[in-house]
Amino acid sequence: MPLLDVAGLTKHFVRKPGLFGKTSVVKAVDDVTFAIHEGEMFGLVGESGSGKSTTGRCILRLVEPDSGDVLFRGENVLEVSRGRMR
C-alpha cells in the first residue's frame, strides 16, 4: 500500500473578467495521479505555473480540490474534518 496515493486530482480556478473581458477557467491541476511508497523519494517538477504548488496545497487541503482522491496510509484526506486535519 502506498504511503501517499493521489488519484485524479483536479483544481480549476475561475478568473473574473476585467471591465470588458470574459470569465475564464484556469486549469491549475488537471487529473494528476501518482503514488509514493514508504522509503521512496519523489520529485514533482515542471515549468513555472504548471501546478506544482497547487498540487501540494490540494494534498494538504490548504486549497480544496474540485475532484480526486488523496489517500494517506489508506485514509482519504479529503474526507477528514478540518479539526482533525489541524
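Leaving aside its neighbours within four places in sequence, which residues is Phe 42 in contact with? In this predicted model, Phe 42 touches Phe 34 and Ile 36 once those sequence neighbours are set aside. Phe 42 itself is placed in the loop between strand 2 (24-36) and helix 1 (52-59).

A pair of aromatic rings is described by the distance of the centres and the angle of the planes. The structure holds one aromatic pair, and this pair, formed by Phe 34 and Phe 42, is stacked, with 4.6 Å centre to centre and 20° between the planes. The table gives the accessibility of the two residues.

| Residue | Relative accessibility | Class |
|---|---|---|
| Phe 34 | 12% | buried |
| Phe 42 | 40% | partly exposed |

Phe 34 counts as buried because its relative accessibility, 12%, is under 20%.

Four strands form an open sheet in the order 2-1-3-4, and their pairing is antiparallel. Strand 2 and strand 4 (75-76) stand at the edges, and each has a single partner strand, so one side of each is left without a neighbour in the sheet. Strand 1 (residues 4-15) and strand 2 run antiparallel and are joined by nine bridges; as for individual residues, Val 14 has Val 25 in strand 2 as its bridge partner. Helix 1, for its part, lies across strand 1, strand 2 and strand 3 (67-72), and runs at about 115° to strand 1.

Methods: Residues are numbered from 1 along each chain as its sequence is written. This is a predicted model: local features need pLDDT of at least 70, side-chain atom pairs count only at pLDDT 80 or more; totals for chains, interfaces and linings use all residues. Side-chain values use heavy atoms; hydrogens and water are left out. Rings of Phe, Tyr and Trp (its six-membered ring) pair if their centres lie within 6.5 Å; planes under 30 degrees apart count as stacked, over 60 as edge-to-face and the rest as tilted. Buried means under 20% relative accessible area, exposed over 50%, partly exposed in between (1.4 Å probe, protein chains only). Helices (H or I, at least four residues) and strands (E, at least two) are DSSP runs, numbered from the N terminus. Contact means heavy atoms within 4.5 Å. Two strands pair if DSSP finds at least two bridges between them. Axes are lines fitted to C-alpha atoms, for helices over the stretch in contact, and angles run from 0 to 180 degrees between N-to-C directions.
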